[in-house]
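Dear colleague,

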Amino acid sequence: MNKQKRQEIFERFRAANPHPTTELEYENPFQLLIAVILSAQATDKSVNIAMQPVFATCKTPQAILDMGLERFTEAIRTIGLFRTKAKNVLATCEILVTQYQGMVPQTREELEALPGVGRKTANVVLNTAFGQPTMAVDTHIFRVSNRTGIAPGKDVVAVEQKLLKVIPKEFLMDAHHWLILHGRYICVARKPKCANCLINDLCEYKEKTV
């Protein structure tokens with residue numbers, strides 16, 4: 001895909017949705033971090049439903065620690081892999097309290113050292129909470145990048161690096177949200193909704209459904 005096409009694609013995304021953001025509900029960087037940890041292999045909606053009552057009273061790592069593992073595990077039992085995630089969240093809260101005065105660190109290395117936090121989670125937090133131009137490549141972004149031809153790659157790291165290289169700088173802050181939403185609602189896995197796609201004429205996918 002050439003540079004002009006990519007420019008036009010992201011101009012259209014921006015025109016349609018000038019201020020995209022995550023669908024996870026949170027009030028501060030700590031709550032976002034916990035929500036992203038919980039969202040692995042689960043929907044944002046399921047995380048929001050489970051965490052609304054928790055986040056209403058728990059704004060800090062210490063507040064989650066005060067709940068205790070048993071109560072927190074029960075609170076998130078509707079989310080996939082809830083037992084493992086509960087242990088990771090409590091362990092992460094412990095580290096945030098003892099090592100970071102309850103604050104969320106702002107570097108990839110420090111974030112990835114937290115239990116339950118991988119590269120994708122770190123990228124989401126760095127971008128959404130701290131305004132860094134990172135690219136959190138999930139299954140949606142991986143699919144859209146390869147299918148459209150925006151940034152083909154064999155694995156998520158290759159796609160991430162290609163996206164950071166080829167997306168025009170003016171769009172980098174919001175690109176990851178646009179691509180996720182496009183993959184979640186339009187360029188879906190089984191049968192992409194090409195008739196409703198605002199970049200249909202620019203997309204290089206050979207098996208379009210229109």
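**Cores and pockets**

Ile34 and Phe72 touch the most other members of the largest nonpolar core, which has 38 residues. A nonpolar core here is a set of buried Ala, Val, Leu, Ile, Met, Phe, Trp, Tyr and Cys residues joined through side-chain atoms within 4.5 Å; buried means under 20% relative accessible area with a 1.4 Å probe, protein chains only. Helix 2 (29-39) supplies the largest share of this core, 8 residues. Helices are DSSP runs (H or I, at least four residues), numbered from the N terminus.

This is a predicted model: local features need pLDDT of at least 70, side-chain atom pairs count only at pLDDT 80 or more, and totals for chains, interfaces and linings use all residues. Residues are numbered from 1 along each chain as its sequence is written, and side-chain values use heavy atoms, with hydrogens and water left out.

The largest pocket has a volume of about 620 Å³. A pocket is an open set of points on a 1 Å grid over the protein atoms alone, where a 1.4 Å probe fits, with protein on both sides within 12 Å along at least five of seven lines; lining residues have an atom within 4 Å of a point. Volume is the space filled by probe spheres set on the points. Among the 28 lining residues, Ser39, Lys120, Asp138, Ile180 and Arg184 are the closest to the centre. Helix 10 gives the most to this lining, 5 residues. Domain 1 (3-20 + 135-202) and domain 2 (29-130) both contribute to the lining, so the largest pocket lies between them; the bounds come from an automatic or database domain assignment.

Regards

Key
Buried means under 20% relative accessible area, exposed over 50%, partly exposed in between (1.4 Å probe, protein chains only). Helices (H or I, at least four residues) and strands (E, at least two) are DSSP runs, numbered from the N terminus.
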